Amino acid sequence: MIDSDALAAFAETHAASLPAVRALVEEIVATTGSTSFYIFWTSSSGGGGAGPTRRTRVLVAFSSPDAALAFAQRNQLVGADRPRVRQLSLLQLFHVVLSASAIHGLLLAGEADEEAPGRLPAGLQLARTEILERLNCRPH
């Protein structure tokens with residue numbers, strides 16, 4: 001389980017209810033069996049930010065590094081550089097979603113099936129708005 005101090009620090013940082021943070025984390029751990037996940041990290045997103053070309057995105061996190069890499073390869077996300085897979089805790093994933101307005105959801109995928117390229121894998125999907133509501137976040 002995630003450390004109580006980390007839960008409290010997250011709740012304070014995001015003006016969230018500590019019991020709500022704890023409940024959401026416990027629910028996800030009970031559903032997925034994990035407190036940490038793996039994402040494929042790329043920095044070739046084409047500018048990163050401001051302007052009219054900015055798209056909303058879903059952060060896809062996998063239960064294993066192999067599943068994250070397989071998804072990236074199947075969808076041709078692997079660039080010329082060495083592929084990078086990062087392990088993030090649930091709280092780190094929530095922080096990314098809550099901090100980046102372009103990310104409108106989080107998908108916690110299990111082991112990647114042989115889904116067709118261009119399709120998101122099956123898994124537990126949480127919209128950014130749902131995370132905000134479930135954590136009882138107050139506006140900053």
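Reader: How many of the six residues of strand E1 are buried?
Author: Five of the six residues of E1 (residues 36–41) are buried, so the strand is largely enclosed by the rest of the structure. Buried means under 20% relative accessible area, exposed over 50%, and partly exposed in between, with a 1.4 Å probe and protein chains only. Helices (H or I, at least four residues) and strands (E, at least two) are DSSP runs, numbered from the N terminus.

Reader: Before I go on, what kind of model is this?
Author: The model is predicted: local features need pLDDT of at least 70, side-chain atom pairs count only at pLDDT 80 or more, and totals for chains, interfaces and linings use all residues. Residues are numbered from 1 along each chain as its sequence is written, and side-chain values use heavy atoms, with hydrogens and water left out.

Reader: OK. In which sense do E1 and E3 pair?
Author: Antiparallel, over six bridges, with E3 spanning residues 84–89. Two strands pair if DSSP finds at least two bridges between them.

Reader: And which residue in E3 is the bridge partner of phenylalanine 40?
Author: Valine 85.

Reader: Switching to H3. Which residues are buried there?
Author: Ala67, Ala68, Phe71, Ala72 and Arg74. Seen down the axis of H3, they fall within an arc of 170°, so they line one face of the helix. The arc is that of the directions from the helix axis to the C-beta atoms.

Reader: What covers them?
Author: The cover includes E1, E2 and E3. Contact here means heavy atoms within 4.5 Å.

Reader: Where does serine 64 lie?
Author: In the loop between strand E2 (57–62) and helix H3 (65–74). At 12% relative accessibility, serine 64 counts as buried. A polar atom of its side chain lies 3.1 Å from the backbone nitrogen of alanine 67. For a polar contact, the cut-off is a pair of N or O atoms within 3.5 Å; within protein, one must be able to donate a hydrogen and the other to accept it, and residues adjacent in sequence count only if both atoms are side-chain atoms.

Reader: What comes just after H3?
Author: Glutamine 76, with a positive phi of about 55°.

Reader: Now H2. Which residues are buried, and which are exposed?
Author: Ala20, Val21, Leu24, Val25, Ile28 and Val29 are buried. These fall within an arc of 165° seen down the axis of H2, so they line one face. Pro19 and Ala30, on the other side, are exposed.

Reader: What do the buried ones pack against?
Author: Helices H1 (4–13), H4 (90–99) and H5 (128–134), plus strands E4 (103–109) and E5 (123–127).
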